[in-house]
Amino acid sequence: MSFDNPKDLNYLRVFKFRGEQYTIRPVSDQDVEVLRVWKNQHKQHFFHQSDISPEQQKAWFASFKKDPLQQIFVCQFTDKRQVACVGFRQTQIQSRETELFNLICGDPKLLGTGFITQFFKEHISGLSNKGIRKIHLKVLKSNNRAIQWYKKHGFETFAVQKDCFLMKI
């Protein structure tokens with residue numbers, strides 16, 4: 001399958017972390033409120049730092065579903081409880097390049113356990129299997145924890161903007 005349309009990447013991946021099974025799947029209507037809550041809880045780490053209302057989230061999701069160049073994946077536990085998400089947007093189709101966004105650990109109990117690293121590696125493996133070769137992202141200069149995490153996982157800064165670093169792997 002080619003990567004001409006990220007919405008074609010509706011893959012389902014299952015992985016284990018500390019003996020528990022998790023599933024990575026495309027975002028659905030049932031995830032909209034959970035994603036809104038996570039973004040509001042962590043708004044200081046995102047470019048949009050105002051609270052997002054349920055109505056704003058629904059409007060965003062309706063627009064998102066129509067955009068063929070982006071996709072969000074949710075990681076859920078076996079009981080269907082969402083625990084993390086990550087999005088990407090196709091930026092350069094010819095060079096198979098994508099931009100990552102909204103890597104969020106929604107379950108505070110999983111922070112610092114290595115779970116996000118495992119989730120990220122599984123997600124990147126899925127993208128690689130679908131033909132993605134280059135990944136970049138933007139991260140706020142004030143988000144030191146994320147900057148260090150990305151550096152630890154091989155991302156390097158390739159440009160600096162007023163309020164953020166552009167990093168790639």
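## The largest pocket

The model is a predicted one, in which local features need pLDDT of at least 70, side-chain atom pairs count only at pLDDT 80 or more, and totals for chains, interfaces and linings use all residues. Residues are numbered from 1 along each chain as its sequence is written, and side-chain values use heavy atoms, with hydrogens and water left out.

Helices (H or I, at least four residues) and strands (E, at least two) are DSSP runs, numbered from the N terminus. Two or more residues of the lining come from each of helix H1 (32-41), helix H2 (54-66), strand E3 (70-77), strand E4 (82-92), E5, H3, E6 and H4. Strand E5 gives the most, with 7 residues. By class, 22 lining residues are nonpolar, 14 are polar and 6 are charged. Here Ala, Val, Leu, Ile, Met, Phe, Trp, Tyr, Cys and Pro count as nonpolar, Asp, Glu, Lys and Arg as charged, and the others, Gly among them, as polar.

A residue is buried under 20% relative accessible area, exposed over 50%, and partly exposed in between (1.4 Å probe, protein chains only). In helix H4 (residues 144-152), Ala 146, Ile 147, Trp 149 and Tyr 150 are buried. These residues lie on the same side of H4, because they cover an arc of only 165° around the axis, the arc being that of the directions from the helix axis to the C-beta atoms. Exposed residues Asn 144, Arg 145 and Lys 152 are carried on the face turned away from the buried side. The cover over the buried residues of H4 includes strand E5 (97-105), helix H3 (115-129), strand E6 (134-140) and strand E8 (164-168), where contact means heavy atoms within 4.5 Å. Just after H4, Gly 154 has a positive phi of about 95°.

In H1 the buried residues are Val 32, Leu 35, Arg 36, Trp 38, Lys 39 and Asn 40. They pack against H2, E4 and E5.

Gly 87 is found in strand E4 and is buried, with a relative accessible area of 0%. Leaving aside residues up to four places away in sequence, Gly 87 touches Gln 71, Ile 72, Glu 99, Leu 100, Phe 101 and Asn 102. Phe 101, in strand E5, is buried at 13% relative accessibility. With the C-alpha atoms as reference, Phe 101 and Val 139 are 8.8 Å apart in space and 38 residues apart in sequence.

Lys 134 belongs to strand E6 and counts as partly exposed, at 41% relative accessibility. Among the residues it touches, not counting those up to four places away in sequence, are Ser 95, Glu 97 and Ile 169.

## Positive phi values

Most residues other than glycine have a negative phi. Asn 102, in strand E5, has a positive phi near 55° and is buried at 19% relative accessibility. Arg 18 also has a positive phi, near 50°. Arg 18 sits in the loop between strand E1 (13-17) and strand E2 (20-26) and is exposed, with a relative accessible area of 62%.

## Cysteines

The structure holds 0 disulfides, a disulfide being a pair of cysteine sulfur atoms within 2.5 Å. The cysteine sulfur closest to that of Cys 85 is in Cys 105, at 9.6 Å, which is too far for a bond. For Cys 105 the closest cysteine sulfur is in Cys 75, at 9.2 Å, again too far for a bond. Cys 85 is buried, with a relative accessible area of 2%, and Cys 105 is buried at 9%.
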